[in-house]
Amino acid sequence: MEWKKEIQDLFEELTNQVPEGFRSAVKPLLHDAAEETARLKNSSFVSKDDLISALFKITPDAFQATLVNELKKLGIDSDRYIKLSKIREEFYRSWDEIGQAFLPTVYHMTIYLTDRCNMNCLHCAAESLSSREELTTEQWIEIVDDVETTLNEQGRRGCYIWFGGEPLLRKDLKDLINYCAEKGYHQAIATNGSFLDDEFAEFCAKAKMSHMFISIDSVDPEKCTKIRGIPNAYEHAKNAIQSAVKYGHFVICTPTVMKLNFDELEELKRQIEEWGAIPFFRAIIKQRSAKKNWDEIGLTPQQYKDFYDFKYENVVDAIRKGKATTLNRANTFDMVPFMETPQNDEELTALEWGVGCQACRLVSGIDVNGNFFPCDYPSELVLGNLRKQTFKEIMETQLFKDIRDRKRTGKCATCHHLELCGGGCRVHAECETGDFFASFPYCWHEPDHTHEDYATKEKK
């Protein structure tokens, strides 16, 4: 965790107010509490809000009034931070409704077990790859153990998402699932549903699997067949969703938003929720098979804007109505570029943990050969190989830190929305420009104005 100089100076100023006899005990306590508060937003930096909120958290009730007076002497709005501390405490407590794997600080690692797939999707990143040699069960266990150990040293945990190709084509998939279950690791699966039946859903339930991603791209069976390249793709997905829900799984359906299904987003959302699952819409990325079929399935700049409006309505507006639920949390992972400015601390707390690019913060991927992708999507940019390096070594590279800290070029670098937006999806930017750090080419927002900061009432 990193501290900017002005925050470190404020930390020293605050702790100097503590009576000398207690200072040596309070300083490490506040330091750790501030870093934990920052981690709960998946931030790599301690902010002023994190530090002051942590100060209220560690101060006993009997001394809260004294703390308020001392903060007022320093020109700090103590009333706001009392309220903010309560908002954060209530919000983080409410994560229990969807399970421990979705707690802030959990690092979601997509595991590309295989290139093999029984489908031939118009948009899939795996379709254009030849089936490469796969790592063994033991090699994957070594990688997962290494990642989990590194995260544990940071006070974090991982969630391992079995993916492909189609992960159920791996004969040792149940062995991997059982291993993670025995170790108490968080795990999930991402599948097209072809082989997910009652027996497998029950097996995963006994292994206490956190959640399941199941792909479905249309409510029209014929369109599903066209997109997925095989007959009965819609029926496979529907049956898989119903089996997973039947055995009590938290199911997230993952439509890839493209030209072919853009007119049915509301209908897809309605149908998925009717089945008892959560919709998680992701915009198509111009890579591999999608690049070849872009004229048929690619989104236009206006459609990206319309997609943002759709997400905004179902996430930010819902939060503003007091509904910070699982739907919001599943959707905020992929907020398309340009994030609205939060109007108050309630909105900020509900959004800041997962809005915008989360590469090297909250999500990454490991390829079939052990290559480490910064995002959960495969990218041309590779940060190392976990068969040759430890996860800790990769995390300590400057490239990892630059991605984590949202270093950007172009207009994103100076945009006043960068802290939340993160410049949009980095793999989108790479596929369109060749540069992982470039500004998102479809962003419609121009940083030619200022916003009023609701907390300080200052222009920024």
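Predicted model: local features only at pLDDT ≥ 70, side-chain atom pairs only at ≥ 80, totals over all residues.
**Helix α1 and its surroundings**

Helix α1 spans residues 5–15, and within this helix the residues Ile7, Leu10, Phe11, Leu14 and Thr15 are buried. Seen down the axis of α1, these buried residues fall within an arc of 125°, so they line one face of the helix. What lies over the buried residues of α1? The cover includes α2 (20–39), α3 (48–58) and α4 (64–73).

**Nonpolar cores**

The largest nonpolar core has 87 residues, and among these Trp162, Phe372 and Phe391 touch the most other members. There is also a second, separate core of 21 residues, which includes Leu14, Ala33, Ala34 and Tyr81. Leu14 is also one of the buried residues of α1.

**Aromatic rings**

Across the whole structure, a search finds 19 aromatic pairs. One of them is formed by Tyr160 and Tyr185, whose ring centres are 6.0 Å apart and whose planes make an angle of 55°, an arrangement that is described as tilted. Tyr160 lies in strand β2 (residues 158–163), whereas Tyr185 lies in the loop between α7 (173–183) and β3 (186–191), so the pair ties together parts that are 25 residues apart in sequence. Are these two residues buried or exposed? Tyr160 has a relative accessible area of 1% and is buried, and Tyr185, at 13% relative accessibility, counts as buried too.

Elsewhere, Tyr107, Phe372, Phe391 and Phe400 form one aromatic cluster. Phe372 and Phe391 were named above, being among the residues that touch the most other members of the largest nonpolar core.

Lys4 lies over the face of Phe45, at 5.2 Å from the ring centre, and the charged end of Lys174 sits over the ring of Phe203, 5.0 Å from its centre.

**Salt bridges**

A search of the whole structure finds 33 salt bridges, and the table lists three of them with the distance between nitrogen and oxygen.

| Salt bridge | N to O distance |
|---|---|
| Arg170 and Asp172 | 2.7 Å |
| Lys226 and Glu296 | 2.9 Å |
| Asp402 and Lys407 | 3.4 Å |

Arg170 counts as buried at 6% relative accessibility, and Asp172 counts as buried at 10%. Both of these residues belong to a network of salt bridges in which Arg116, Glu134, Arg170 and Asp172 are linked.

In the salt bridge between Asp402 and Lys407, Asp402 is buried, with a relative accessible area of 17%, whereas Lys407 is partly exposed, with a relative accessible area of 43%.

Terms used. Residues numbered from 1 in each chain as written. Heavy atoms only, no water. Buried < 20%, exposed > 50% of the residue type's maximum accessible area, 1.4 Å probe, protein only. Helix = DSSP H or I, 4+ residues; strand = E, 2+ residues; numbered from the N terminus. Arc of directions from axis to C-beta. Contact = heavy atoms within 4.5 Å. Phe/Tyr/Trp six-rings, centres within 6.5 Å; stacked < 30°, edge-to-face > 60°. Lys NZ or Arg CZ within 6 Å of the ring centre and 35° of its normal. Core = buried A, V, L, I, M, F, W, Y, C linked by side-chain atoms within 4.5 Å. Salt bridge = Lys/Arg side-chain N within 4 Å of Asp/Glu carboxyl O.
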